Amino acid sequence: MSKQFWKPSNMLYPLPAVMVSCAREGEKPNIITLAWVGTICSDPVMVSISVRPERYSYNIIKETKEFVINLTTEKLARATDFCGVRSGRDIDKFKEMKLTPMPSKKIKAPGIAESPVNIECKVKEVVPLGSHHMFIAEVVGVSVDDGLLDEKGRLDLRKAGLIAYSHGEYMSLGNKLGKFGYSVQKRKKRKR
Ligand SMILES: Cc1cc2nc3c(=O)[nH]c(=O)nc-3n(C[C@H](O)[C@H](O)[C@H](O)COP(=O)(O)O)c2cc1C
């Protein structure tokens, strides 16, 4: 395999492209699409989102110290893109995309009812990094669409039609290749 060596660039793909909702009390809620998003701790459950200070959402999240991460699906792909190219300074993205603000359980910022998984977050720290500031946040609760649970109550996220973001493109997910630990699992002996 022959390779070119490039200057530094963000090349960690695929990524989730999520719709993050936020709101100041008494104002219209807003949605910002983010891909610079990560899972950073299991206990306590923590995530990070990196936002440019010039975004309309930046000050809302900084002041309220709250946001909801809404997972995106094939059905929500167009709205995901739209919320990433239009600003809440100029328009109401919930209205434009016919999305429904859904009251959260633990925070005041609403989630997006049409998203199958809504992750409620409280900001713990803001780290200025350069172009982006990273909000480190604790997850305080998660709402999951009942329709994604199997008869035993287990979450089957494959039913959700989640999408990924890879080098500027939105992609649906492909076939299942294995499950956690499958590489070391003993194979069942074939009956002869
Ligand atoms: C797929 C995608 C990913 C994005 N990821 C980020 C990101 O991680 N951080 C960021 O500050 N902006 C990101 N943006 C840009 C913002 O979503 C965009 O500037 C948006 O219009 C800001 O909305 P607001 O002004 O209402 O806050 C992304 C846009 C798209 C389409």
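Buried means under 20% relative accessible area, exposed over 50%, and partly exposed in between, using a 1.4 Å probe and protein chains only. Keep that in mind as we look around this predicted model, where local features need pLDDT of at least 70, side-chain atom pairs count only at pLDDT 80 or more, and totals for chains, interfaces and linings use all residues. Residues are numbered from 1 along each chain as its sequence is written, and side-chain values use heavy atoms, leaving out hydrogens and water.

Most residues other than glycine have a negative phi, and most peptide bonds are trans. Here are some exceptions:

| Where | Feature | Value |
|---|---|---|
| Tyr13 to Pro14 | cis peptide bond | omega about -5 degrees |
| Asp43 to Pro44 | cis peptide bond | omega near 0 degrees |
| Lys65 | positive phi | near 60 degrees |
| Lys98 | positive phi | about 50 degrees |

Now for Asp92. Leaving aside neighbours within four places in sequence, Asp92 is in contact (heavy atoms within 4.5 Å) with Lys28 and Pro29.

Finally, the inside. A nonpolar core is a set of buried Ala, Val, Leu, Ile, Met, Phe, Trp, Tyr and Cys residues joined through side-chain atoms within 4.5 Å. The largest one has 26 residues, and Val20, Ile49, Phe67 and Ile69 touch the most other members. Another core, apart from it, has eleven residues, including Leu76 and Met97.
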